[in-house]
Amino acid sequence: MFRIKAQKCKACGDPLQGRSDKLFCDDRCRVQHHRSSNELHALRTGVDQILRKNRALLANVRSKMHRQFTSLDCAYWLRRKGFDFNFHTHILHLSDGRMAFMCYEEGYMLDGNGIVPWQNPMNNPKILLSARPPL
Ligand SMILES: [Zn+2]
């Protein structure tokens, strides 16, 4: 049996009347929908920019140029360069009980008042990962 699915406004969810390809009740709903989707896009873009900047700064601080840094120097350097400690992609639980705050494949661990750049265990066998977080 053929049934016509009732269409609903993409903004407010009210049933639509009129043309079958209509998406919104009226201009007000259309504008509201586009504004909210633009705000979400701006939010996603902003978060992605912060994460990419954090990742680049972590890669930089881990590089040879900054190896003479103490953990406090690393934290200050990252903060001065605009690192945002509120954003990371995920957390790794290390076998020694510490956590690595990751921005994609780069990360850091807390060390007193400073931070230590996380090193991929494939490049540093001294750091081993556990599959599960500690209990
Ligand atoms: Zn509507």
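This is a predicted model: local features need pLDDT of at least 70, side-chain atom pairs count only at pLDDT 80 or more; totals for chains, interfaces and linings use all residues.
A residue here counts as buried if 20 or more other C-beta atoms lie within 10 Å of its own, as exposed if 12 or fewer do, and as partly exposed in between, with C-beta atoms placed from the backbone. Residues are numbered from 1 along each chain as its sequence is written.

**Overall layout**

- The chain has two helices and four strands; helices (H or I, at least four residues) and strands (E, at least two) are DSSP runs, numbered from the N terminus.
- Going along the sequence, you get the pattern α-α-β-β-β-β.
- Take the contacts in the chain with a separation of 6 or more: residues 24 or more positions apart account for 42% of them. Two residues are in contact if their C-beta atoms, placed from the backbone, lie within 7 Å.

**Helix H1**

- H1 covers residues 27–62, which makes 36 residues, and at 1.5 Å a residue it should span 52 Å; its end C-alpha atoms are 52 Å apart, so the two agree. The expected span is 1.5 Å times one less than the number of residues in the helix.
- Its buried residues are Asn 54, Leu 57, Leu 58, Val 61 and Arg 62.
- The cover over those buried residues includes helix H2 (71–81) and strands S2 (99–103), S3 (106–111) and S4 (114–117).

**Helix H2 and what follows**

- Cys 74, Ala 75 and Leu 78 are the buried residues in H2. They sit on the same side of H2, because they cover an arc of only 95 degrees around the axis; the arc is that of the directions from the helix axis to the C-beta atoms.
- A bit of helix background: an α-helix has 3.6 residues a turn, so residues three or four places apart point the same way.
- The buried residues of H2 pack against H1 and S4.
- Phe 85 is in the loop between H2 and strand S1 (90–93). It counts as partly exposed because it has 13 C-beta neighbours inside 10 Å.
- Phe 85 and Ile 50 are 35 residues apart along the chain, and their C-alpha atoms are separated by 9.8 Å.

**The sheet**

- Four strands make an open sheet in the order S1-S2-S3-S4, with antiparallel pairing; two strands pair if DSSP finds at least two bridges between them.
- S1 and S4 are the edge strands, each with a single partner, so one side of each has no neighbour in the sheet.
- Ignoring direction, neighbouring strands are turned by 35 degrees against each other on average. Axes are lines fitted to C-alpha atoms, for helices over the stretch in contact, and angles run from 0 to 180 degrees between N-to-C directions.
- H1 packs on this sheet, touching S2, S3 and S4, and its direction makes about 70 degrees with that of S3.
- H2 packs on the sheet too, touching S3 and S4, with its direction at about 90 degrees to that of S4.

**Strand pairs and turns**

- S1 and S2 run antiparallel, joined by four bridges. Within this pair, His 90 stands opposite Met 102, while His 93 has Met 99 as its bridge partner.
- The S1–S2 hairpin has five residues between the strands, and Gly 97 in the turn has a positive phi of about 90 degrees.
- S2 and S3 also pair in the antiparallel sense over four bridges. Here Phe 101 has Tyr 108 as its bridge partner, and Cys 103 stands opposite Glu 106.
- The S2–S3 hairpin has two residues between the strands, and Tyr 104 takes a positive phi near 60 degrees there.
- Most residues other than glycine have a negative phi.
- Tyr 104 is partly exposed, because 14 other C-beta atoms lie within 10 Å.

**The nonpolar core**

- The largest nonpolar core has 14 residues, and those touching the most other members are Leu 57, Leu 58, Val 61, Cys 74, Leu 78, Tyr 108 and Ile 115. H1, H2, S2 and S4 each give two or more residues to this core.
- A nonpolar core is a set of buried Ala, Val, Leu, Ile, Met, Phe, Trp, Tyr and Cys residues joined through C-beta atoms within 7 Å.
- Leaving aside neighbours within four places in sequence, Leu 78 is in contact with Leu 57, Val 61 and Phe 83.
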